[in-house]
Amino acid sequence: MAYNSADIAAFKNVWVFCEQRQGKMMPTTFELISEGRKLADELGCELHGILLGEDMDGIAKELGGYGADKVLVCDSPLLKNYTTDGYTKVIADMVQEYKPEIMIFGASNIGRDLAPRCAARLHTGLCADCTHLDVDLNGYINFLRDGSSLDVDNTNFETKMFDVNTNLKMTRPAFGGHLMATIVCPRFRPAMATVRPGVMQKRAFDEAKAAACELVHPEFELEASDIHTEVVEIVKAAKKMVDLIGADFIVSVGRGIAKDVEGGIKIAEEIAEELGGVVGSSRAVVDAGWISADHQVGQTGKTVHPKVYIALGISGAIQHKAGMQESECIIAVNKNDAAPIFEIADYGIVGDLFKVGPLLLESIRAAKAEA
Amino acid sequence: MKILVTVKQVPDTSGKVAVKADGTLDRASMQTIINPDDLNAIEAALSLKDEYGYKVVAFTMGPPPAAGMLRELMAMGVDETVLISAREFGGSDTYATSQIIAAAIDTYGIDDEDIIIAGRQAIDGDTAQVGPQIAEKLHLPQVTYAGKIVKDGNTLTINRMLEDGYMVVKVQTPCMITCIKELNTPRYMTVRGTEECWDMPLKVMDYEALKDHELIDATTIGLKGSPTNIYKSFTPPQKGVGMMLEGSGKETTDELVGILTSKHII
């Protein structure tokens, strides 16, 4: 029978695309498997990883430890490096064969290249760069209670259009973070989403579950002639990229450093070093060419939730807030007492970062010396 | 030898954004601009035109006022523009939008040497999906996140940016490229261009013009043909205002660090 993406009842199980680069699993894959586990439990179905590459068995089993019941391993020399054509063909063929009802990808530069292509080929819906996923309606409503300004108790969540209890509800920021939208894909399967790296929480690794995870090697067809691009080489960034997502302490700089860019960044670096953290920045600082793009926090940069986020000379545009407001503790230093960053700061100091920054460093050093 | 560029007119989300009581955007109160990444796509096309003599054609889908943006693009050096506009196309999600734009591009015609260029993503939806989905519908190879493009005959060598470096990818035309802002610095309109753009060709493709194309079907375009729907929209929560510390001297930073240490935050 021909594949029909509208035959909802034929689809079952949750799939996670397990992105690897050069044989190493991308950290966001473990976040997605953990989140996929939650969705599979809400639906009462299995969670499967789908892993493409060459000689992948060695890293496949580990996925079980975060919640995968099974991993479909698609091994081929043609899948060693990512190509849009090769990966799309294998994934689309596998989806047509096994019919998962939900499929999630990391919203990386690879996931966001691959997922739209798969969705278009499979005639289904895709929601980009999600920050929250729910199947269970009560879970969704609880999320909105804290995560929105909606009057949840006076909102109607029922609709005649689709079953609100079984459809995946995909929530994401839109319009630069000014609005949040929850998207559904009620008439086609799989419901597909890309998920922003760093947002979903990784589960604790479960040895027994890893050992029980089943590896499956499905047959698939892929010829060199199916792939219309050629990967000539893969170049790693010369300097180590800043690990904003994994950092416990982030000291970020904004336009306020304009009068002495190098000095401002140096203050942030010193405080970050003292705390064992890293330096972040607002978009303005990246756009001005003062710091490289891997430091950028915000809607078009990275989403972070460190223990402490120190914002030096950052006004707090909504695009920036969208990437850091989930930080456990936010400290803002700004000359302008009306800067919007103070609206979300746990502690605010009105002052010049070039004066307050060095004093803050001294205070931290003194406190550490005492401890 | 053509470069077809897809562009979008978007609300300027960098300024004040007004949200209505029902949680939808108050578009009437906002400025519209050319999507920033699309200006890099236009610049990529125009610099290839300067070097190799391509004809540059810009496509946009949107309401009739988007024609103003197309005139601006012609004032920058774009040779021809196409406005895809019909009531039937309204409410389309990325899947439906890419069906329609692919149909328009296919109707216009793509030759072996042609290139389609799009911006990485639009600042209203930030999806980055329409470029790849147009490529899929046209059965063309794609290279996204282009940070450098080198042409040698019908072969393009592109640096495709990744989070931790980049891939060097070779692709044959015709193909789709989406580009990032680091690719180039967009040029301005010229004085002469702002006068001449009014006489330059701006073609409208409405429902009539596209309805017989195989990609255009009531079940795959517009609000009804979109696989995704908006279930709820809302504004993010406002975090409660925290504690503003007095002063900005050493005693203030000591006080702050004291609080943080006592709470075991640092």
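Six strands form an open, parallel sheet in the order β15(A)-β14(A)-β16(A)-β17(A)-β18(A)-β13(B). Because β15 (278-281) of chain A and β13 (243-245) of chain B each have a single partner strand, they stand at the edges, and one side of each is left without a neighbour in the sheet. From one strand to the next the twist averages 20 degrees. Strands and helices here are DSSP runs, numbered from the N terminus: E over at least two residues for strands, H or I over at least four for helices. Strands pair if DSSP finds at least two bridges between them.

The model is predicted; local features need pLDDT of at least 70 and side-chain atom pairs pLDDT 80 or more, while totals for chains, interfaces and linings use all residues. Residues are numbered from 1 along each chain as its sequence is written, and chains are lettered from A and ligands numbered from 1 in the order in which they are written.

## Around β17(A) and β18(A)

Strand β17 (residues 329-334) of chain A runs parallel to strand β18 (residues 347-350) of chain A, joined to it by four bridges. Asn334(A) has Val350(A) in β18(A) as its bridge partner. Between the chains, β18(A) and β13(B) pair in the parallel sense over three bridges, and Ile349(A) stands opposite Leu245(B).

Helix α11 (residues 353-370) of chain A lies across β16 (308-312), β17 and β18 of chain A, at about 135 degrees to β17(A). Axes are lines fitted to C-alpha atoms, for helices over the stretch in contact, with angles from 0 to 180 degrees between N-to-C directions.

## Contact between the chains

The contact takes 73 residues from chain A and 66 residues from chain B. Two residues are in contact if their C-beta atoms, placed from the backbone, lie within 7 Å. On the side of chain B that touches chain A, the elements giving two or more residues include α3 (94-108), β8 (155-162), β13 and α8 (250-262) of chain B. The residues of this side divide into 32 nonpolar, 22 polar and 12 charged. Ala, Val, Leu, Ile, Met, Phe, Trp, Tyr, Cys and Pro count as nonpolar, Asp, Glu, Lys and Arg as charged, and the others, Gly among them, as polar.

## Domains of chain A

Chain A is divided into domain 1 (8-226) and domain 2 (249-370), with bounds from an automatic or database domain assignment. Their centres, taken over C-alpha atoms, are 33 Å apart. Seven residues from domain 1 and eight residues from domain 2 make up the contact.

Strand β6 (residues 102-106) of chain A has five of its five residues buried, so it is largely enclosed by the rest of the structure. A residue is buried if 20 or more other C-beta atoms, placed from the backbone, lie within 10 Å of its own. Ile102(A), Ile104(A) and Gly106(A) point one way from β6(A), and Met103(A) and Phe105(A) the other way. Strand β1 (residues 14-17) of chain A pairs with β6(A) in the parallel sense over three bridges, with Trp15(A) opposite Met103(A). Strand β11 (residues 191-195) of chain A also pairs with β6(A) in the parallel sense, over five bridges; here Ile104(A) stands opposite Ala193(A).

Helix α3 (residues 84-98) of chain A reaches 21 Å from its first C-alpha to its last, over 15 residues. Its buried residues include Tyr87(A), Val90(A), Ile91(A) and Met94(A). Just after α3(A), Lys99(A) takes a positive phi of about 55 degrees.

Technical notes. Expected span 1.5 Å × (residues − 1). Buried ≥ 20, exposed ≤ 12 C-beta atoms within 10 Å, placed from the backbone.
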